[in-house]
Amino acid sequence: MNILFTQRSQLAVMALLTILSMVSACTSLTNPTTSGSSTNNSHTSTSSTPKVYYVDITHGSDFNPGSQIQPWKTIQKAANTVHAGDSITVLAGTYNERVKVSHSGSQGSPIAFQAQGLVSLQGFTVKADFITIKGFQITDTPNADGDGVGIFVQGSSCDLENNYIFFATRGGILLYADPGNYAGTSNCIVRNNRLYRNSQYGIQVLGTDHLIEGNEIWDTIQYHPKWIDPPKWVDADGIRFFGSGHIFRRNFIHDISLSDPLNVNPHIDAFQTWDELGKPAGSNILFEGNTVNLDAGSTGFQLEGGTNNLLIMNNIISTFSGVNAYKNGNPPLTTPSNIYVVNNLFIGNLAYNTNAYPAGVSLYDTSNAVVKNNILTEQKGQAIYIDNSLADVDYNLAYNSDGSIPLGTRSSHSLWEYNPQFVDPQKGDFHLQPDSPAIDAGITLQISPFDKDGVTRPQGKSTDIGPYEFIP
């Protein structure tokens, strides 16, 4: 784990909880590095000494002992044999199998599956705790609910890193929790995975206290050719989140498009949550330093129902709509609350159709929201729109390059029609030039103690507006 970024996140989380404690009785938001437990644990026995096993589809046999010179042929043989502390090295090759993992590791002694070279397979279904899966290429998943996901996990303290998952029939990575047992799937790490052209979503998170960091998600599709007779609700999203205590940090979501022939009528969201029976909307969650680049018909944060206690900080969001929060869910309808949107950059497009109501930040029937220190550019519709909501909105900068006046909520400290003077926006460099009006024009917030680069705020007399702090 990147200790520096972990420390920064802990500072932000501590600051967030300090503020939230004054407005609501919320549960603790924690950094998901501690251990958890699961009730779906089927095997917890351990071997006396941890072993290293090998799998080689070309030269192996499942009648071998699984040693380096006498490897097994299938990954499933390894999964059926290993115990806590054991590791499995899978040698290069195409493995025509979907691996089911039911043996659990333990605290300090996980069971680790590691690819050596290009290892391709149909994915993993994990119903166990303390499982590590690293470096695999996953595609051609079955046309099934759980098994159709690239990596399906129902368990705690699992670590999924550096995998490439593409064209999965039902989703890229799913951390699944049974209704009423969200603690049974907790404290997992999903880091530095690449998720391309998977159906429905790149990553979906249920449970508690997960870390979702450094993943790239692009070209999600709505209709997978292998999914026969899909339901009407199929969609094409980046990340869906439920449960509580998660950290979403430095993920890159891009190029999920309405023009894709497999995307017939999707509602494209980079981050989405909603209330559903047995599946509560996300709460007590940090979104830090993520980058989103999507086109027309897309939303950065789609926050439906009773989602609450969210800190959205230091993100760069280039979408049709940046943040959209509104009351929704199964009757009685529930209301979003305690939504903190601070020090972000929201980029729209002046060519958008205003009849579809594009906006940087839209809050409908939302309570106790804070919208401060944000830059909103190229907003064809509303830069900030507040409807029947209790929100503290101030210290934001709005600018349209065509000279049009940005619409929306402004206040005494807002900078309206001021060019933020980015270093090189065409090349994606949104740091501030030395003469930017955003420098020292924000308000210093306890919940936003550092910028997207990890620079401590403030560097001058006050915090800068936007995701980056200018260093003199």
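1. In this predicted model, the largest nonpolar core contains 72 residues. Phe113, Phe124, Phe136 and Phe271 have the most contacts inside this core. Strand E4, residues 111–121, contributes the most to the core, with five residues. Apart from this core there is another, of 15 residues, including Leu345, Ile347, Ala438 and Ala441. In soluble globular proteins, nonpolar side chains tend to be buried together.

2. Neighbours within four places in sequence aside, Phe271 touches Ile239, Phe241, Phe248, Ile253, Phe287, Asn290, Val292, Gly300, Phe301 and Gln302.

3. The protein chain has two helices and 38 strands. Twelve of the strands form an open sheet with parallel pairing. Their order is E3-E5-E8-E11-E14-E17-E20-E23-E26-E29-E32-E35. Strand E3 (99–101) and strand E35 (407–408) are at the edges; each has a single partner strand, so one side of each has no neighbour in the sheet.

4. Strand E8 (residues 149–153) and strand E11 (residues 171–175) run parallel and are joined by four bridges. Ile151 has Ile173 in E11 as its bridge partner.

5. Is Asn263 buried or exposed? Asn263 has a relative accessible area of 3%, and buried means under 20%, so Asn263 counts as buried. Asn263 sits in the loop between strand E19 (252–254) and strand E20 (268–273). The side chain of Asn263 reaches the backbone nitrogen of Gln222 at 2.7 Å. Beyond four places in sequence, the residues in contact with Asn263 are Thr220, Ile221, Gln222, Ala236, Ile256, Ser257 and Leu258.

6. Some totals describe the chain as a whole. The protein chain has 472 residues, of which 59% count as buried. Its accessible surface is about 17900 Å², and carbon and sulfur atoms account for 52% of that. Of the contacts between residues at least 6 apart in sequence, 64% join residues at least 24 apart.

7. The mean pLDDT of the protein chain is 90, and 89% of its residues reach 70 or more. Over residues 1–12, however, the pLDDT is below 50, although the model gives this stretch 28 contacts beyond near neighbours in sequence. Residues 17–47 also stay under 50, with 82 contacts beyond four places in sequence. Where pLDDT is low, the predicted coordinates should not be read in detail.

Notes:
Residues are numbered from 1 along each chain as its sequence is written. This is a predicted model: local features need pLDDT of at least 70, side-chain atom pairs count only at pLDDT 80 or more; totals for chains, interfaces and linings use all residues. Side-chain values use heavy atoms; hydrogens and water are left out. A nonpolar core is a set of buried Ala, Val, Leu, Ile, Met, Phe, Trp, Tyr and Cys residues joined through side-chain atoms within 4.5 Å. Buried means under 20% relative accessible area, exposed over 50%, partly exposed in between (1.4 Å probe, protein chains only). Contact means heavy atoms within 4.5 Å. pLDDT is the predictor's confidence in each residue, from 0 to 100. Accessible areas come from the Shrake-Rupley method with a 1.4 Å probe; for residues, only the protein chains shown count as cover. A polar contact is a pair of N or O atoms within 3.5 Å; within protein, one must be able to donate a hydrogen and the other to accept it, and residues adjacent in sequence count only if both atoms are side-chain atoms. Two strands pair if DSSP finds at least two bridges between them.
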